[in-house]
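Subject: Handover of a structure and notes on its contents

Dear colleague,

Please find below the structure that I am passing on to you. My notes on it follow directly after the display.

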Amino acid sequence: VQLQASGGGLVQAGDSLRLSCAASGRTFSRYATGWFRQAPGKEREFVAAVSWSGGIRYAESVKGRFTISRDNAKNTVSLQMPSLKPEDTAVYYCAASTIMSDDGRPYFGWGQGTLVTVSS
C-alpha cells in the first residue's frame with residue numbers, strides 16, 4: 001500500500017482546509033490510516049488516526065477541532081481542519097498501519113506530504 005497526501009495550501013488563521021490521503025492497493029480497507037505532521041525544526045507528531053473498522057483517535061492538540069474520516073470504496077482518508085491556527089503549520093503526511101497507533105513507527109507507505117501554512 002502506498003499513500004499520497006494532498007490538499008494543503010496557504011491560508012489565514014481561522015480558515016479551513018480538507019486534506020485527502022489517497023491509497024493504492026486493494027487491501028487499503030484492512031489497514032488503519034494515520035495523519036502525522038512535522039513543523040519546521042520539530043519532530044514529526046501524531047495528528048489523528050482511523051482504524052479499518054472506523055475507530056478514531058486524535059491528538060489532544062486537535063481533538064474537537066479536526067475530523068478524520070475514511071471512504072474505503074474510494075480508498076481515501078480525509079482530514080477536515082477548520083479554524084486553523086498558525087501552530088498548525090506543518091507538512092502533513094498520511095500512512096497505513098496494521099494497528100491504530102499514535103506512534104509513527106508501525107506505519108508504512110509514507111508518501112510525500114502536503115504543506116499547510118497558516119498565516120496569522
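**The four-stranded sheet**

Four strands form an open sheet in the order S1-S3-S8-S7, and their pairing is antiparallel. The edges are taken by S1 and strand S7 (67–71); each has a single partner strand, so one side of each is left without a neighbour in the sheet. From one strand to the next, the twist averages 20 degrees. Please keep in mind throughout that this is a predicted model.

Within this sheet, five bridges join S1 and S3 in the antiparallel sense, and alanine 5 has cysteine 21 in S3 as its bridge partner. S3 also pairs with S8, again in the antiparallel sense, over six bridges.

For S3, the covered face consists of Leu17, Leu19, Cys21 and Ala23, while Arg18, Ser20, Ala22 and Ser24 make up the uncovered face.

**The six-stranded sheet**

A second open sheet has six strands in the order S2-S10-S9-S4-S5-S6, with mixed pairing. Strand S2 (9–12) and strand S6 (56–58) are at its edges, each with a single partner strand, so one side of each is left without a neighbour in the sheet. The twist here averages 25 degrees from one strand to the next.

S2 and S10 run parallel and are joined by four bridges. In this part of the sheet, glutamine 12 stands opposite serine 119 in S10.

In soluble globular proteins, nonpolar side chains tend to be buried together. The largest nonpolar core of this model has 34 residues, and those that touch the most other members are Trp35, Val47, Phe66, Ile68, Leu79, Met81 and Tyr92. At least two residues of this core come from each of strand S1 (2–6), strand S3 (17–24), strand S4 (32–38), strand S5 (45–50), strand S8 (76–81), strand S9 (90–97) and strand S10 (114–119).

Which residues does methionine 81 touch, not counting residues up to four places away in sequence? They are Asp15, Ser16, Leu17, Leu19, Phe66, Tyr92 and Val116.

A pair of aromatic rings is described by the distance of the centres and the angle of the planes. There are six aromatic pairs in the structure. In one of them, phenylalanine 36 and tyrosine 107 have ring centres 5.0 Å apart and planes at 75 degrees, so the pair is edge-to-face. This pair links distant parts of the chain, with phenylalanine 36 in strand S4 and tyrosine 107 in the loop between S9 and S10, 71 residues apart. Both phenylalanine 36 and tyrosine 107 are buried.

A further edge-to-face pair is formed by tyrosine 93 and tryptophan 110, so classed because the centres of the rings are 6.4 Å apart and the planes are at 70 degrees. It too links distant parts of the chain: tyrosine 93 belongs to strand S9 and tryptophan 110 to the loop between S9 and S10, 17 residues apart. Tyrosine 93 counts as partly exposed, at 21% relative accessibility, and tryptophan 110 likewise counts as partly exposed, at 24%.

Through ring pairs, Phe36, Phe46, Tyr93, Tyr107 and Trp110 are linked into a cluster. Arginine 44 has its charged end over the ring of phenylalanine 36, 5.7 Å from the centre of that ring. The charged end of arginine 44 also sits over the ring of tryptophan 110, 4.3 Å from its centre.

**Glycine 34**

Leaving out residues up to four places away in sequence, glycine 34 touches Ala48, Ala49, Tyr93, Cys94, Ala95 and Tyr107. Tyr93 and Tyr107 are also members of the ring cluster described above. Between glycine 34 and tryptophan 110 there are 76 residues in sequence separation, and the two are 10 Å apart in space, C-alpha to C-alpha.

With kind regards

Technical notes. Residues numbered from 1 in each chain as written. Predicted model: local features only at pLDDT ≥ 70, side-chain atom pairs only at ≥ 80, totals over all residues. Heavy atoms only, no water. Core = buried A, V, L, I, M, F, W, Y, C linked by side-chain atoms within 4.5 Å. Buried < 20%, exposed > 50% of the residue type's maximum accessible area, 1.4 Å probe, protein only. Contact = heavy atoms within 4.5 Å. Pairing = 2+ DSSP bridges. Axes fitted to C-alpha atoms, helices over the stretch in contact; angles between N-to-C directions. Phe/Tyr/Trp six-rings, centres within 6.5 Å; stacked < 30°, edge-to-face > 60°. Lys NZ or Arg CZ within 6 Å of the ring centre and 35° of its normal.
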